[in-house]
Amino acid sequence: MIEVMIDGKTTEVAPGTTILAAAKKLGISIPALCDSEMVEPYGACRVCSVEIDEGRRKRIVTACNYPLNKPAEVSTASDRALRVRRLVLEMMLARWPNVRVVRDLALEAGIDGARFVHPRRNESEHACILCGLCVRLCHEGVWHRILAFEGRGDSRKVTMPYGKQPKECVGCMQCASICPTGAIRFTSDPNHPVDAERIRRAGSELTREVLVLDKSQCRMREAGTAHLVEIMNDYDLLPVMNYKFGAHADTHKIASDKFVKIFSQGVADGCALGCDMACAKAVEGHELRTGPDKGQSVLVDGPEYETASGCGSNIGIFEPWAIVEINYYCDHYGVDTISFGTLMAFVMECFEAGILNEERTGGIDLRFGSVEGTLEVLHQMGRGEGFGLIAGQGIRRMKRIFVERFGADPAFVQDIGMEAKGLEYSEYVTKESLAQQGGYGIALKGPQHDEAWLIFMDMVNKQIPTFEDKAEALHYFPMWRTWFGLNGLCKLLWNDVEPEDNAESGAPAKVPRHVQGYCEFVAGMTGREVTPDDLITQSERVYNFQRIFNLKMGYGRRRHDAIPYRSQGPVTAEEYLSRQDRYDKQLREEIGVDPATMTLDERRAALRRHREGRYQKLLDAVYKRRGWTPDGIPTLAKARALGIDKVEGLVELLAAHGVTE
Ligand code: SF4
Ligand code: SF4
Ligand code: FES
């Protein structure tokens, strides 16, 4: 550590700490104009000039980018430091007399006017003061190089290549967000927002949070969602071998560092103003080893977490190249990687259980871990032939086919076939998260990946510990999720990176500050003021209408919210034994029976009764909270309260299902 004294106060800092950071630690404020925690220090304005003595001679340096590497004494208000700072500010004031931030700093330094006239005086209150923040943020934050300085001395200015906006500029407007003078502004927006400045303000806070906090909270900018592979493995939530297990000794082979090494792209894509999360990743130059494009070097969009786990650990594959190749061909054939991974996991378990064999798969070995077999099934699906014709129908139909053609036990394939409402499960092991079981089971669209966030709140962040908390969460969060879909907005901005003080917000799971940010966005876009409750009501209206529409289509009742037992608990003896301590403890503590006196089958059966009962109890609580009947149908009172009872035929439809109140 280095000892430093600033204005008579002493502290110790790590070597390389800037004077500005050391002063902040001591509670000493130094004026700064071109400094921001979002970008590397640059030393453009010299407003932060201070005097330093490191044992030889005293010098004037800029506090924002001067690293402390030996003991030093700093004066922020010596005559010399103040003289330099005042001169700098007076020159700025002479050139940009009406820029608010310059005027304020000058006044603070005791200057209320410049003694000289600058030849390039600019009267605009939004003049560019050449701080370089926009240039650095575009380079360092957005990872584009759209903005640059051009010219020297008084002719210096910020510009784009050839003075035109190139197509590589994603229009993220982060340059505008960081500009301290408002020199960069929206001039046009195809969406015609009512108040673009309000949207910009909401976006600029987001830009700061992502740049400053992502590296410690999510690593989304570096690794995309692939960073979740090792986190899920650590929490026993990573799907392994058709969701039998939640972790595997070989997970390190497909951990995010393996993908970071081969990711070649990582730029903010500008899909939301202010978002610099740069979640989209890609692998360039992947040489294909199979299929119609074999031998070609291709660019692969991804893989994301769900692809790495679904087409990796869940089918016993721990080879990054194979995951990238499956990713490419899923995109090529128009197949969803999550559905493919989950259906292959089911196929492989059926193969290992003897329901399938090489005769039935057309000679393909489909044991867990078979890269060749997996890719062959994918190619057959793409060509519409062989076993691919069966696999391509998805798990719900495969269950029936395996029972009718191959004599499979219907109860077993029902237990291990990870689908609900006909949709394959996304890639999280939900056995220990009752909230997530409900999150998937009750979701109108089935267990789709964007319903998966409850698992973080429940298992990783422990934010919904009680049964009541879970029921409340299953009312609020699916509505909130629906709101993003209704408005075409990304959810990552809501809770992937959270404000520093979110834990003290009173409702940390809801990330209230970010919800308010969305309200600002809506108001800026439409001109209508909305509250967080208004947003939920918008969703509730649509969500309840969808549920009633499902009823019209022959679905939308309690029995349609059923989920496979594999998502609730251990189906096989092998699964039970793999986590025996945990399950035995639950028998003792939650059910009150002594596992030592029971056979393995008795223990599995008791656990199953308990867990299935708990799920039914959860359905009761959630339906009640949502204003639905015990059969999971919105009540007439609920439809009236939401104003959807006016839809033609809706009241009659409810009445036909016995719902008249
Ligand atoms: S809009 Fe985004 S990409 Fe374009 S110049 Fe500004 S910061 Fe760079
Ligand atoms: S446009 Fe704004 S952010 Fe960019 S250099 Fe000028 S004043 Fe600074
Ligand atoms: S803030 Fe230090 S040089 Fe600008």
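1. Of the protein's 661 residues, 53% count as buried (under 20% relative accessible area, with exposed meaning over 50% and partly exposed in between, using a 1.4 Å probe and protein chains only). Please keep in mind that this is a predicted model, in which local features need pLDDT of at least 70, side-chain atom pairs count only at pLDDT 80 or more, and totals for chains, interfaces and linings use all residues. Residues are numbered from 1 along each chain as its sequence is written, chains are lettered from A and ligands numbered from 1 in the order in which they are written, and side-chain values use heavy atoms, leaving out hydrogens and water.

2. On the overall fold, there are 27 helices and 14 strands (DSSP runs numbered from the N terminus: H or I of at least four residues for helices, E of at least two for strands). The C-alpha trace spans about 95 × 60 × 55 Å along its principal axes. Among contacts (heavy atoms within 4.5 Å) between residues at least 6 apart in sequence, 62% join residues at least 24 apart.

3. Helix H4 (residues 133–141) deserves a look: seven of its nine residues are buried. These are Leu 133, Cys 134, Val 135, Arg 136, Leu 137, Cys 138 and Gly 141. Their cover includes strands S8 (148–150) and S9 (157–159), along with helices H5 (174–178), H6 and H7 (220–223). After H4 comes Trp 143, with a positive phi near 60 degrees.

4. Cys 138 is one of the residues around ligand 1, together with others including Cys 169, Cys 172 and Cys 175 (a residue is near a molecule if one of its heavy atoms lies within 4 Å of it).

5. Helix H6 (residues 196–217) holds Val 210, which is buried at 2% relative accessible area. Beyond its neighbours within four places in sequence, Val 210 contacts Arg 221, Asp 276, Met 277 and Val 497. In the same helix H6, Glu 197 and Arg 201 are four residues apart, about one helical turn, and their side chains form a salt bridge (4.0 Å, N to O). Glu 197 is partly exposed at 31%, as is Arg 201 at 47%.

6. The whole structure has 50 salt bridges (a side-chain nitrogen of Lys or Arg within 4 Å of a carboxyl oxygen of Asp or Glu). One pairs Arg 608 with Asp 415, with the closest N and O atoms 2.8 Å apart. This pair links distant parts of the chain, 193 residues apart: Arg 608 lies in helix H25 (residues 600–626) and Asp 415 in helix H16 (residues 410–416). Arg 608 is partly exposed at 26%, whereas Asp 415 is buried at 11%. Elsewhere, Asp 236, Glu 432, Arg 579, Arg 582 and Arg 611 are linked in a salt-bridge network.

7. Met 553 is exposed, at 51% relative accessible area.
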